[in-house]
Amino acid sequence: MKFFFPHQKRMRSTLISFLLINGVCLLWMAGFRESGCLAFHPQPPSAAYLLGTTTNGFDISFILAKSIIQTLWFLTVTVSLVFFFSVTLGIVFGYFCRLNFWVPMLRIIEIVNSIPLLMVLVILGYYHWLFWGSFLVLMLLFKWPLCAQVSQGLAMSYRVTMPVLLAQMNGISDLSIIRRYFVPKIFKALIPKVPTLAVSLFNTLTIMDFLGYSFLGSSMSLGSLVAEGKDNLYAPWILLSGLGGLLIVLLPFILLSFSVVSEGSKAGERCQ
Amino acid sequence: MKNNASLDPILCLEDLHFGWREKKISAPLFDGASLAIYPGEAVGLWAKNGTGKTTLCHCILGILKAKSSRLKIMNQSLMDTSKAEWRAVLKQATFYCPGYTLNYDVSLKRYVKTELQKIIKTHRNWFEDLAQKLDFRDGKSLLTYVLCKSGEGIRLGLLVRALRQSAGLIILDEPFEDLPPVWRSVILEEFSRQLCRSRIGILCVSHHPDVLAWCHRSVTISDQKIVPMTLQGNKKERGKNFALPERKTKNHQILFCLEWHPMNKKNHPNIMVRAGEKRRIPLTLKPLILDGIIQAVLTQKIDRSILSQTSSLQICGTDILEGLTKATSEEIRQHVVFLPQAHHVFSKDVSFLDYFKMLFESQKEKSAEQFWKTVYDWMHIFSVPETLLTRSLMSVSKGQAQKLALIQGLLRARTKLYIMVAPYSGLDQKSCEILDCVVQELCKQDKGFLMLEAE
């Protein structure tokens with residue numbers, strides 16, 4: 001566990017905010033009855049409808065609670081998968097440099113970076129091929145260069161240091177060296193990249209929702225709420241609620257970026 | 001008669017309280033320690049490994065913040081001056097020559113280069129004289145050596161810079177560890193002159209008896225206080241706590257054989273290590289022995305630029321210059337242990353425990369119980385506290401880290417040849433004796449030792 005989360009103590013605030021958001025949203029949703037979710041007109045915030053209703057008469061607070069949980073979980077899973085995949089790929093290609101002769105990773109990164117992701121997503125959405133699974137795969141395919149390039153560089157520079165060379169000389173297996181030497185160091189260096197990755201993925205997700213290619217369920221999502229708010233500016237609570245929802249989803253990642261902004265405490269270091 | 005100003009101490013440290021906190025338990029290191037150094041005085045600091053010699057230097061220089069202390073440097077009190085002023089005092093009136101755990105990075109190299117260039121501008125003749133005394137052709141070749149040799153070079157550069165400190169406190173933390181003895185005597189002589197000429201005081205942390213003998217007085221750390229070193233304290237303790245049975249059948253296999261190219265034969269004698277032998281060679285051969293062989297064994301490619309001076313290099317019967325196959329390099333890996341200094345063995349981010357776990361994962365001969373028993377036995381032999389295992393390189397003293405580096409090398413049972421680089425560096429006298437004893441006993445077991453040392 002220590003290898004993957006070297007900033008354990010500092011990441012506590014992120015974890016707490018994540019659980020808190022989930023808990024509040026679930027509790028909020030539990031308080032609703034199906035009939036209570038509908039109203040006939042876009043209504044401003046009131047005691048009955050805390051954040052008002054949409055033009056279709058749906059309670060915005062219910063939509064927010066549902067879509068925040070969905071988006072947050074989807075984002076967390078996607079970010080984790082993309083991060084682990086890209087860092088692992090970078091470490092493997094950095095440590096076993098010979099692999100680059102067969103699969104030139106830097107060239108592949110350049111090719112991947114030059115493909116317009118949004119266009120691909122819109123085309124897939126147009127043909128109704130966009131669902132959470134395909135989106136996840138596409139994110140893995142297009143977002144891995146963000147961390148892989150850095151982790152490969154770090155691994156390549158670290159593999160020629162004396163402790164690593166000596167460990168190789170002493171017959172310690174490559175897997176052990178990667179696990180004990182490379183993973184902690186590179187994870188520690190790349191954890192600050194997670195919020196950047198999360199924002200990048202979240203932007204893509206929201207833009208797709210905004211354009212009307214939502215795939216996280218049948219009900220409205222955050223992006224579509226913003227789109228509806230933009231179309232109905234006479235009911236500003238819709239747009240403001242949508243933007244507030246976006247901020248809440250990003251809150252754990254914002255806290256993470258603050259908590260890992262400084263160097264993590266070194267393992268076993270003595271304190272005064 | 002000395003005037004009042006010259007009687008004021010350069011360093012006046014009183015009532016120093018400092019301690020590390022481990023797992024919320026405070027472990028005091030200094031409890032009311034006091035030290036005064038007067039102008040023209042060199043004070044030697046000797047103590048066992050892990051008692052806080054380097055920590056004391058760091059407390060004086062403000063690298064570590066003491067719980068409480070009354071500190072005065074050149075009559076400027078820490079209590080009465082602002083932070084910025086104190087920083088200026090430290091910058092002008094102190095010079096620190098750190099030990100080997102320091103990272104010799106580019107910025108330090110740049111600093112040494114700038115400082116030496118300033119010295120060359122202002123004291124050219126002195127620098128040229130010093131270079132000749134240190135057996136360099138001229139000042140330029142001394143400067144080249146300082147900037148090209150990352151470890152020893154920068155240490156020498158820092159010492160040369162310390163020699164030109166006009167006033168204040170010079171702190172030398174084990175300064176002559178990997179420098180040749182000739183250089184040590186030249187530099188100490190220069191320091192003696194500087195002590196008479198300028199208003200400086202020297203605090204010299206060292207385990208070396210010659211360096212301590214050069215100092216005007218020596219102090220040690222005892223019961224969390226700094227006390228004058230008495231003969232009792234300096235008395236050598238016998239370190240014989242390790243013995244192995246002698247082998248009945250003696251093996252005289254040649255484990256290491258290096259023959260120089262005829263062009264180089266005049267400068268160096270050939271090196272040969274048989275089973276049960278210990279051979280010492282100068283530290284200047286480190287790049288050839290260590291880098292050349294490691295590179296060859298790991299990549300199975302010979303770096304001719306490093307090994308060009310040799311005509312034959314055999315390790316455990318395998319001629320490296322003829323080329324290595326996977327099988328032969330694997331055999332060398334099994335039978336030879338390379339043991340450089342601790343900061344080369346351990347990574348800064350990995351705790352010692354993780355390193356030993358990694359060693360355990362790589363060897364299949366012993367069970368976990370046997371392996372950890374052996375580790376603790378070795379730790380007991382070298383008097384290393386067991387709690388040290390959970391720490392990492394940067395949080396233990398140089399001596400303790402060196403002991404752990406030795407222990408990890410001595411763990412492997414199938415080893416025939418140990419190639420050690422400056423194995424005594426950072427070790428106190430008792431530990432040096434223990435290491436001598438261990439080497440002696442292992443030699444009885446037909447192990448060979450090739451030690452690269454400054455002396």
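Predicted model: local features only at pLDDT ≥ 70, side-chain atom pairs only at ≥ 80, totals over all residues.
Local features need pLDDT of at least 70, side-chain atom pairs count only at pLDDT 80 or more, and totals for chains, interfaces and linings use all residues. Residues are numbered from 1 along each chain as its sequence is written, chains are lettered from A in the order in which they are written, and side-chain values use heavy atoms, without hydrogens and water.

**Cores.** A nonpolar core joins buried Ala, Val, Leu, Ile, Met, Phe, Trp, Tyr and Cys residues through side-chain atoms within 4.5 Å. Buried means under 20% relative accessible area (1.4 Å probe, protein chains only). Helices are DSSP runs (H or I, at least four residues), numbered from the N terminus.

| Core | Residues | Members include |
|---|---|---|
| Largest | 149 residues | Tyr181(A), Phe182(A), Phe256(B), Ile289(B) |
| Another | 41 residues | Phe95(B), Ala131(B), Val160(B), Ala162(B) |

**Interface.** Contact means heavy atoms within 4.5 Å. By that rule, 26 residues of chain A touch 37 residues of chain B. The buried area is about 3000 Å², and carbon and sulfur atoms give 55% of it. This is the accessible area (1.4 Å probe) lost on putting the two parts together, summed over both. Three salt bridges cross the interface, each with a Lys or Arg side-chain nitrogen within 4 Å of an Asp or Glu carboxyl oxygen.

**Helix H15(B).** Asp354(B) is among the buried residues of helix H15 (residues 352-362) of chain B. Its side chain forms a salt bridge with Arg180(A) (3.4 Å, N to O). Helix H9 (174-190) of chain A is part of what covers the buried residues of H15(B).

Terms used:
Buried < 20%, exposed > 50% of the residue type's maximum accessible area, 1.4 Å probe, protein only. Helix = DSSP H or I, 4+ residues; strand = E, 2+ residues; numbered from the N terminus.
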